[in-house]
Amino acid sequence: MGYYVGNDRLLVNADGNPDNAGLLASWDRAMPEISDKLWMAVDYQGGANAFGAVGMGFSWAFSEKVSVLLGYVVYALPDTPGTLTTQLDINF
């Protein structure tokens with residue numbers, strides 16, 4: 001059985017059948033051997049569905065309270081273009 005929001009079904013394939021299975025795995029760590037300011041990550045979401053993807057990114061800390069993150073996601077569905085993201089983190 002799929003998930004519903006109003007009359008729309010989420011997590012279904014192109015044929016309307018449930019498509020809500022997959023594996024989620026993640027690796028991330030600070031990279032002190034390169035720099036104490038560098039952090040890297042890779043995420044994998046399995047499944048040949050809208051959530052299937054591999055994401056990778058890194059963050060650079062300019063100070064204790066300010067960092068910038070750059071990431072790229074490659075989706076499992078062949079007609080879905082990848083996504084490049086940037087994020088500025090400011091801790092108050």
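Mentor: Two strands are taken as paired if DSSP finds at least two bridges between them, and with that in mind we can go through this predicted model.

Trainee: In S5, which residue is the bridge partner of Gln45?
Mentor: Strand S4 covers residues 38–45 and strand S5 covers residues 53–61, and the two run antiparallel, joined by eight bridges. Within this pairing Trp39 stands opposite Ser59 in S5. For Gln45, the bridge partner in S5 is Ala53.

Trainee: How many bridges join S5 to S6?
Mentor: These two strands form a hairpin, with four residues between them. Two of the pairs are Met56 with Tyr72 in S6 and Ser59 with Leu69 in S6. Strand S6 spans residues 66–75 and runs antiparallel to S5, and the number of bridges joining them is nine.

Trainee: Which residue in S7 does Leu70 stand opposite?
Mentor: S6 and S7 also run antiparallel, with eight bridges joining them. Across this pairing, the residue of S7 that Leu70 faces is Thr86.

Trainee: Which strands are the edge strands of the open sheet?
Mentor: The sheet is formed by five strands with antiparallel pairing, in the order S3-S4-S5-S6-S7. An edge strand here pairs on one side only, and this holds for the strands of residues 24–30 and 83–90, which are S3 and S7.

Trainee: What does the twist average from one strand to the next?
Mentor: The value refers to the open sheet whose five strands follow the order S3-S4-S5-S6-S7. From one strand to the next, the twist averages 15°.

Trainee: Which element gives the largest share of the lining of the largest pocket?
Mentor: The largest pocket holds about 210 Å³ of space, and the elements that give two or more residues to its lining are S4, S5 and S6. The lining has 17 residues, of which Asp43, Gly55, Met56, Tyr72 and Val73 lie nearest the pocket centre; Met56 and Tyr72 are also bridge partners. With six residues, the largest share comes from S5.

Trainee: By class, how many residues in the lining of the largest pocket are charged?
Mentor: The classes are counted over the 17 lining residues. Twelve of them are nonpolar and four are polar, and the number of charged residues is one.

Trainee: Over which residues is the pLDDT below 50?
Mentor: The protein chain averages a pLDDT of 85, and 85% of the residues score at least 70. One stretch falls below 50, although beyond near neighbours in sequence it has 13 contacts in the model, and that stretch is residues 1–7.

Note on methods
Residues are numbered from 1 along each chain as its sequence is written. This is a predicted model: local features need pLDDT of at least 70, side-chain atom pairs count only at pLDDT 80 or more; totals for chains, interfaces and linings use all residues. Side-chain values use heavy atoms; hydrogens and water are left out. On a 1 Å grid over the protein atoms alone, a cavity is a set of points where a 1.4 Å probe fits but cannot get out, and a pocket is an open set with protein on both sides within 12 Å along at least five of seven lines; lining residues have an atom within 4 Å of a point. Grid points are joined across faces, edges and corners, and a volume is the space filled by probe spheres set on the points. Ala, Val, Leu, Ile, Met, Phe, Trp, Tyr, Cys and Pro count as nonpolar, Asp, Glu, Lys and Arg as charged, and the others, Gly among them, as polar. Axes are lines fitted to C-alpha atoms, for helices over the stretch in contact, and angles run from 0 to 180 degrees between N-to-C directions. pLDDT is the predictor's confidence in each residue, from 0 to 100. Contact means heavy atoms within 4.5 Å.
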